[in-house]
Amino acid sequence: MRQKSKNKRIAIIGAGLGGLCLAQGLKKNGIDCVIFEKDSAINTRSQGYRIRINGPGREALKECLPEHLYTLFLDTCAASYNGMNVWTTNLEPSPNKLVDSWSDGVKDMPDLKPNRLTLREILLQGLQEQISFGKELTGWKEPGTGETELSFADGSLYTADLVVAADGVHSKIGKEYCKDVKINTGNITIYGRTFYTYNTRKDIALELQQGTSVILHNRFSLIVDSMVFDYSKRNQFRNILSPVSDYFYWAFIGNPQAFGVAPADFYNLSTEEIFSCIHKATQHWHPKLKTLFEYADKPSLSMTPIRSSLPKEKWNSGNITALGDAVHTMSPAGGMGANTAFIDAGLLAANLSKALLNNTIISTAISDYEEKMRVYSNEAVEISLQGGEILHGNHKKQN
Ligand SMILES: Cc1cc2nc3c(=O)[nH]c(=O)nc-3n(C[C@H](O)[C@H](O)[C@H](O)COP(=O)(O)OP(=O)(O)OC[C@H]3O[C@@H](n4cnc5c(N)ncnc54)[C@H](O)[C@@H]3O)c2cc1C
């Protein structure tokens, strides 16, 4: 297809989920762009394991991806089940309320559960020549010509007509240009995985071996997702997808003090020390639930503070914009961060494509995107905070 953007240099900062989805959406409309990614390769850093994709996120992916990649995404997701189980720590059904934005059992189709690296590898297909790895954006200048001069940590420069910051939670453009203010909620998430083996199948409760389970506790909760893949479909794409094997994804979300640690001290703990906190906090839990951590894949353990953007006000639109966590960070409790990044990517790709096709003013396309994005992302941040209230509220009475 003819490249319609031959006179427009579009630079995307960050080859994460949102940035790659935007690049795919532009490519589908015949629009060229370049992507600058700080990491040296797609798989140099763990960014989590499973990710829940809801209806609107799925629609946005469908809009942006070519059909064969969207089909590959569907074929490589872990098995989904209708219904999400809420348990007490003793593995008895809990009467507690679920997080509304999780659509298992609520809508016609349950959330999809791709392995995060697999999804990123799918999003990367066909874009390899457009990505420069090892390029950390350090600054930008607008010399008044309508262009933006980007500078990178390695000393290199790039001049763009349009810049989209998709560089995640620490984005400088998100903070300084789009005036995004992120606060630390004081809560954390600790997550990891436990592989399916003969022993884990035998010793982990059967209830946890299908679908999604939520265990609500006092000031923190645990989410467990069984990630069981259909290898017959996946194996045909061995050359482009890194191998995976079935696993339990688990994530605690809540107040660090519930693990017996002051928030400031948490980040100095070793993996062993964190596991020891987990063992202590779950010592009275059902034995077939605790085994999840006894058999855990130790190197998979990660921890991150939960940040949340304040409601966004309008800023002056120009030839720089942002999407995803760069401009709206939200608690993972709602399972909406990546989904909202995909919605951004879909909308921005559609607006830019229309403007470039019809030769209309690009800044109008951007301001229309920003206007809409501020509304739905403010809502998503709020829903995610409410999800957090459910997950790290006080459930002692119900339990
Ligand atoms: C434990 C956990 C579970 C989650 N589960 C879900 C879920 O189930 N569903 C959901 O919708 N969301 C979930 N989220 C949120 C989701 O992960 C994020 O919202 C999503 O990754 C945001 O995508 P992004 O493209 O904006 O940013 P990212 O995916 O963070 O990508 C940013 C990219 O920019 C690069 N970068 C950073 N700085 C620079 C720089 N200066 N120059 C160049 N490149 C740079 C990074 O290396 C990275 O590749 C979860 C988050 C966590 C922590």
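Colleague: How many aromatic pairs does a search of the whole structure find?

Modeller: The search finds 16 aromatic pairs. Here rings of Phe, Tyr and Trp (its six-membered ring) pair if their centres lie within 6.5 Å; planes under 30 degrees apart count as stacked, over 60 as edge-to-face and the rest as tilted. Before we go on: this is a predicted model, where local features need pLDDT of at least 70, side-chain atom pairs count only at pLDDT 80 or more, and totals for chains, interfaces and linings use all residues. Residues are numbered from 1 along each chain as its sequence is written, and side-chain values use heavy atoms, with hydrogens and water left out.

Colleague: Happy with that. How do I read a single pair?

Modeller: A pair of aromatic rings is described by the distance of the centres and the angle of the planes. Take Trp250 and Phe275: at 6.3 Å centre to centre and 70° between the planes, they are edge-to-face.

Colleague: Which elements hold Trp250 and Phe275?

Modeller: Trp250 is in strand S12 and Phe275 in helix H8 (residues 271-281), 25 residues apart, so the pair links distant parts of the chain. Helices (H or I, at least four residues) and strands (E, at least two) are DSSP runs, numbered from the N terminus.

Colleague: Why is the pair of Trp250 and Phe293 edge-to-face?

Modeller: Because the planes of Trp250 and Phe293 stand at 90°, with the ring centres 5.2 Å apart. Phe293 belongs to helix H9 (residues 287-294), so this pair ties strand S12 to a part 43 residues away in sequence.

Colleague: Is Trp250 buried or exposed?

Modeller: Trp250 is buried, with a relative accessible area of 0%; Phe293 is buried too, at 1%. Buried means under 20% relative accessible area, exposed over 50%, partly exposed in between (1.4 Å probe, protein chains only). Ring pairs also link Trp250 into a cluster with Phe220, Phe252, Phe259, Phe275, Trp285 and Phe293.

Colleague: And helix packing: at what angle do H3 and H4 pack?

Modeller: Axes are lines fitted to C-alpha atoms, for helices over the stretch in contact, and angles run from 0 to 180 degrees between N-to-C directions. Helix H3 (residues 67-76) and helix H4 (residues 116-124) pack at about 170°, their axes 10 Å apart. H3 and H4 are therefore roughly antiparallel (under 35 degrees is roughly parallel, over 145 roughly antiparallel, 65 to 115 roughly perpendicular, the rest oblique).

Colleague: Which residues make that contact?

Modeller: Leu69, Leu72, Phe73 and Thr76 come from H3, while H4 supplies Thr118, Leu119 and Ile122; contact means heavy atoms within 4.5 Å.
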